[in-house]
Protein chains: 2
Amino acid sequence: MKFIGTVAVLGTGLLGASLARALKKLPDAPRVAAWSRGASTRAKCRALPEVFDEVFDSPEEAAASADVVVICSPTANIPEIAAKIAPAMKGGAAMTDVGSVKGAICAKCAEIAAAENRSREESGRGGKIFFAGSHPMAGSEKIGIDFSDADLFKTRPCFVVPTAACGSGQIELLRAMWESVGMRVYEVSPEEHDAIVAGVSHLPHLVAGTLCNTAAGFPSGDLRKYAGPGFRDCTRVSSGNPEIWDSIVADNRDAILAALRNFSGELSELVSALERRDFAKIGGKLRAAKAYRDKL
Amino acid sequence: MKFIGTVAVLGTGLLGASLARALKKLPDAPRVAAWSRGASTRAKCRALPEVFDEVFDSPEEAAASADVVVICSPTANIPEIAAKIAPAMKGGAAMTDVGSVKGAICAKCAEIAAAENRSREESGRGGKIFFAGSHPMAGSEKIGIDFSDADLFKTRPCFVVPTAACGSGQIELLRAMWESVGMRVYEVSPEEHDAIVAGVSHLPHLVAGTLCNTAAGFPSGDLRKYAGPGFRDCTRVSSGNPEIWDSIVADNRDAILAALRNFSGELSELVSALERRDFAKIGGKLRAAKAYRDKL
């Protein structure tokens with residue numbers, strides 16, 4: 001990454017700390033500046049000088065010297081952090097985030113960058129800043145810096161989401177950064193992004209939860225002792241962190257609702273085929289599903 | 001298993017051949033007699049004399065000397081095989097099957113045993129035969145004798161299903177047999193059995209298929225390249241053998257329909273909570289699901 005001098009990682013949980021580790025393992029590793037909200041996490045970062053070149057007590061200080069700033073905080077805090085660091089950023093620097101829903105975040109952060117640029121222009125301070133969204137689809141049930149892993153991103157998909165506050169140069173820069181840590185990068189609009197993750201991640205999570213709640217309502221005793229690997233696999237994602245899911249559901253409400261309605265429509269077709277004993281139709285649907293899944 | 005002299009395994013696919021392997025590894029292994037519909041499978045059995053003591057060309061011959069007959073054929077063939085072997089069975093012998101739906105099979109096979117017993121009584125031939133259902137919940141995507149494994153049943157649940165054509169002695173015998181190969185045995189009625197497997201196996205299969213078909217209908221391109229481990233796990237069972245699922249869906253239609261309706265009801269609550277932005281309700285449901293899943 002010799003084309004990036006300094007990356008600032010704001011928030012050093014699983015994603016942020018893993019990104020720092022992965023970047024520092026590159027042959028042309030950038031300098032990594034970091035900030036974390038928690039003093040104890042900052043102390044952990046300072047104990048890893050091979051991963052974090054410099055650890056700051058405020059996000060503004062960490063962002064000030066960076067060419068690329070990656071906001072790796074919980075989704076709810078991203079716009080607040082973006083607003084705080086925008087005035088401190090170098091002219092020409094790009095800001096991105098790793099939030100798992102992009103519509104609202106991209107709109108808010110692009111406006112923050114645009115407002116900062118208007119204010120710089122008015123005051124005669126030169127050098128625009130830029131914002132584009134990112135969503136590296138990597139993670140695990142394990143959270144926090146202690147589980148950080150330089151290989152977390154390898155072979156996983158990553159979305160890069162252009163906004164009105166960036167140009168193609170910033171998109172290429174972010175693409176190069178995520179590819180350098182091993183990701184497959186896809187460029188999509190915020191709306192496409194939110195519909196895609198609703199389909200491959202949010203809908204399966206709600207469906208798995210509904211399977212658990214249906215099983216829990218089984219009238220004659222606890223079904224869990226009879227569960228085999230099928231039930232186990234189908235419901236595994238239900239064990240995910242509920243706080244993360246609270247914000248995902250609220251942030252991506254519209255796309256999730258659309259995906260749930262499509263799913264319900266498919267399910268109703270199964271129910272009515274079963275009601276009229278149209279087993280050929282059900283067999284056709286299960287064969288279509290198998291053909292789809294076999295090519296995953 | 002010194003209390004069983006001979007077990008006849010009728011059908012030597014994955015389940016039947018694995019049962020034979022597991023029984024022959026016991027310190028007091030019974031004699032294992034076997035039959036398979038396919039000549040090539042019978043040849044494979046004859047090449048495994050340490051697993052199959054004797055391999056017969058007809059199910060009647062294989063069943064004739066047995067104390068316990070285990071019908072391990074595809075579900076659709078079970079009653080036909082039961083009817084064929086009933087007249088050949090020794091007085092006092094017990095018949096069971098390994099079909100994954102129990103209502104219809106248990107009713108048919110119990111009637112076959114009862115009819116045989118009436119005919120024996122009328123003709124003065126002594127010695128009743130018995131039938132109780134079994135459902136060892138073991139298996140894999142890999143099917144056939146080539147994948148058979150003496151450890152297939154270890155720690156897995158097995159249902160034993162009493163009928164009017166058996167007494168407590170036969171239930172204890174079958175319980176002892178399945179426990180001897182490592183299974184956790186549960187005694188349930190046919191109706192309970194079918195509701196349980198609808199909830200833990202058939203509903204998840206249909207739901208996983210519906211997730212695939214919903215994803216396949218995504219309007220803007222193939223979602224699969226974005227899929228992570230969550231989508232992968234939630235849909236894994238969709239790759240199962242469609243022929244097996246055709247008979248399961250037809251045989252267990254009523255219990256599956258009831259489970260699907262319960263699931264749809266749960267899902268509708270999620271949809272309407274999302275419609276009115278009642279995120280607290282959704283959070284509550286996801287937390288309940290997590291609590292349930294975490295204790296699996």
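**View 1. The two domains of chain A.** Domain bounds here come from an automatic or database domain assignment. On that basis, chain A is divided into domain 1 (6-188) and domain 2 (193-294). What you see is a predicted model, in which local features need pLDDT of at least 70 and side-chain atom pairs count only at pLDDT 80 or more, while totals for chains, interfaces and linings use all residues. Residues are numbered from 1 along each chain as its sequence is written, and chains are lettered from A, with ligands numbered from 1, in the order in which they are written. The C-alpha centres of the two domains of chain A lie 33 Å apart. Still, 13 residues of domain 1 are in contact with eleven residues of domain 2 in this chain; contact means that the C-beta atoms of two residues, placed from the backbone, lie within 7 Å. On the domain 1 side, helix H5 (103-123) and strand S8 (157-161) of chain A are the elements that give two or more residues. Helices (H or I, at least four residues) and strands (E, at least two) are DSSP runs, numbered from the N terminus.

**View 2. How the two chains are related.**

**View 3. Where chain B meets chain A.** Here 74 residues of chain B are in contact with 75 residues of chain A. Helices H7 (190-216), H8 (229-235), H9 (242-251), H10 (253-275) and H11 (279-294) of chain B each supply at least two residues of the side that touches chain A. The largest share of that side, 19 residues, comes from H7(B). Because 100% of the interface residues of chain B are also interface residues in chain A, the copies meet through the same surface.

**View 4. A closer look at A:Phe263.** You will find A:Phe263 in helix H10 (residues 253-275) of chain A. Is this residue buried or exposed? A:Phe263 counts as buried because it has 25 C-beta neighbours inside 10 Å. A residue is buried if 20 or more other C-beta atoms lie within 10 Å of its own, exposed if 12 or fewer, and partly exposed in between, with C-beta atoms placed from the backbone. Leaving aside neighbours within four places in sequence, A:Phe263 is in contact with A:Leu203, A:Val207, B:Thr210 and B:Thr214. A:Leu203 sits 60 residues from A:Phe263 in sequence, with 8.3 Å between their C-alpha atoms.

**View 5. Helix H1 of chain B under cover.** Ten of the eleven residues of helix H1 (residues 14-24) of chain B are buried, so to speak mostly covered. Among them are B:Leu15, B:Ala17, B:Leu19 and B:Leu23. The cover over the buried residues of H1(B) includes strands S1 (6-10), S2 (31-35), S4 (68-71) and S7 (133-136) of chain B.

**View 6. Confidence in chain A.** The mean pLDDT of chain A is 94, and 99% of its residues reach 70 or more. pLDDT is the predictor's confidence in each residue, from 0 to 100. The model scores ipTM 0.86 and pTM 0.86.
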